[in-house]
Amino acid sequence: MSGETPIQSAEGLHTPAYLSWRKLQLSRAKLKASSKTSALLSGFAMVAMVEVQLNPPNATAVPTEMLVAFTVCTTLLVAVHMLALMISTCILPNIEAVGNLHSISLVHESPHERLHWYIEIAWAFSTLLGLILFLIEIAILCWVKFYDLSATAAWSACVVLIPVMIVFLAFAIHFYMSLATHKYEVTVTGIKELELLKEQIEMGDQDTRMNNLTLLDQSRIV
């Protein structure tokens with residue numbers, strides 16, 4: 001296929017332009033997921049902070065430390081997701097403008113390579129740090145909301161959240177380790193294919209030289 005459309009041939013799948021095009025698509029998917037997740041969770045945190053009903057200090061048994069933790073956690077949750085949303089909102093249109101053209105020859109105009117670390121920060125803040133803060137927010141919110149009614153209900157939220165947090169962290173660690181292993185294997189396979197292609201090119205050059213020498217010798221004999 002021509003350079004104006006994505007390359008599908010086996011030889012073109014390992015060109016720098018096509019690899020950059022794949023990174024562009026991955027960066028675009030990450031930014032879209034980050035923006036949607038951050039907007040949803042930050043909105044929930046704001047609604048939870050506004051709608052929660054708190055009793056006066058002389059009429060509540062909720063510890064002051066828990067109220068401080070609720071305030072800090074909510075602020076961090078909104079700030080982290082707003083930062084991820086801002087990065088996604090600023091970078092995504094520039095990537096979309098190039099990606100929607102479906103032209104590999106224009107992939108160098110996309111800023112996804114230069115802004116790679118910003119994209120990874122937005123992805124990590126939205127999916128890892130943001131979700132951890134969201135789970136903590138749920139536990140603290142249950143404590144603040146139900147402690148005056150039932151201390152057992154408040155403690156039950158923490159008890160349920162602990163195994164959920166452990167499963168979440170275990171999955172996150174396993175996912176990132178599996179992803180790193182997959183990328184390593186793909187990179188090794190690509191290097192082996194490039195080495196094989198190099199050997200084939202060198203063998204072709206040697207055959208061409210031998211043919212040229214043979215033709216030269218025959219011309220001298222004649």
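**Entry 1: Leu-24.** I looked up the contacts of Leu-24, counting heavy atoms within 4.5 Å. Beyond its neighbours within four places in sequence, Leu-24 touches Ile-95, Val-98, Gly-99, Val-107, Ser-110 and His-112.

**Entry 2: What I am reading.** This is a predicted model, where local features need pLDDT of at least 70 and side-chain atom pairs count only at pLDDT 80 or more, while totals for chains, interfaces and linings use all residues. Residues are numbered from 1 along each chain as its sequence is written, and side-chain values use heavy atoms, with hydrogens and water left out.

**Entry 3: Layout.** I found four helices and zero strands in the chain. Helices are DSSP runs of H or I with at least four residues, strands are runs of E with at least two, and numbering starts from the N terminus. I noted that 29% of the 222 residues count as buried, meaning under 20% relative accessible area with a 1.4 Å probe and protein chains only; exposed is over 50%, and partly exposed lies in between.

**Entry 4: Helix α3.** I checked the span of α3, residues 116-146. The expected span is 1.5 Å times one less than the number of residues. For 31 residues this should give 45 Å, and the end C-alpha atoms are 44 Å apart, which agrees. I also found a kink of about 40° in α3, centred on Phe-125; the bend is the angle between axes fitted to the seven residues ending there and the seven starting there.

**Entry 5: Cores.** A nonpolar core is a set of buried Ala, Val, Leu, Ile, Met, Phe, Trp, Tyr and Cys residues joined through side-chain atoms within 4.5 Å. The largest has 14 residues, of which Leu-24, Leu-31, Ile-91, Ile-95 and Ile-119 touch the most other members. Helices α1 (16-51), α2 (64-99) and α3 each give this core at least two residues, and the largest share, six residues, is from α2. I found another core apart from it, of 10 residues, including Ala-48 and Cys-73.

**Entry 6: Salt bridges.** I counted three salt bridges, taking a side-chain nitrogen of Lys or Arg within 4 Å of a carboxyl oxygen of Asp or Glu. Arg-28 pairs with Glu-96 at 3.1 Å, N to O. Arg-28 is in α1 and Glu-96 in α2, so this pair ties together parts 68 residues apart in sequence. Arg-28 counts as buried, at 11% relative accessibility. Lys-30 and Glu-120 meet at 2.8 Å, N to O, linking α1 to α3 across 90 residues.
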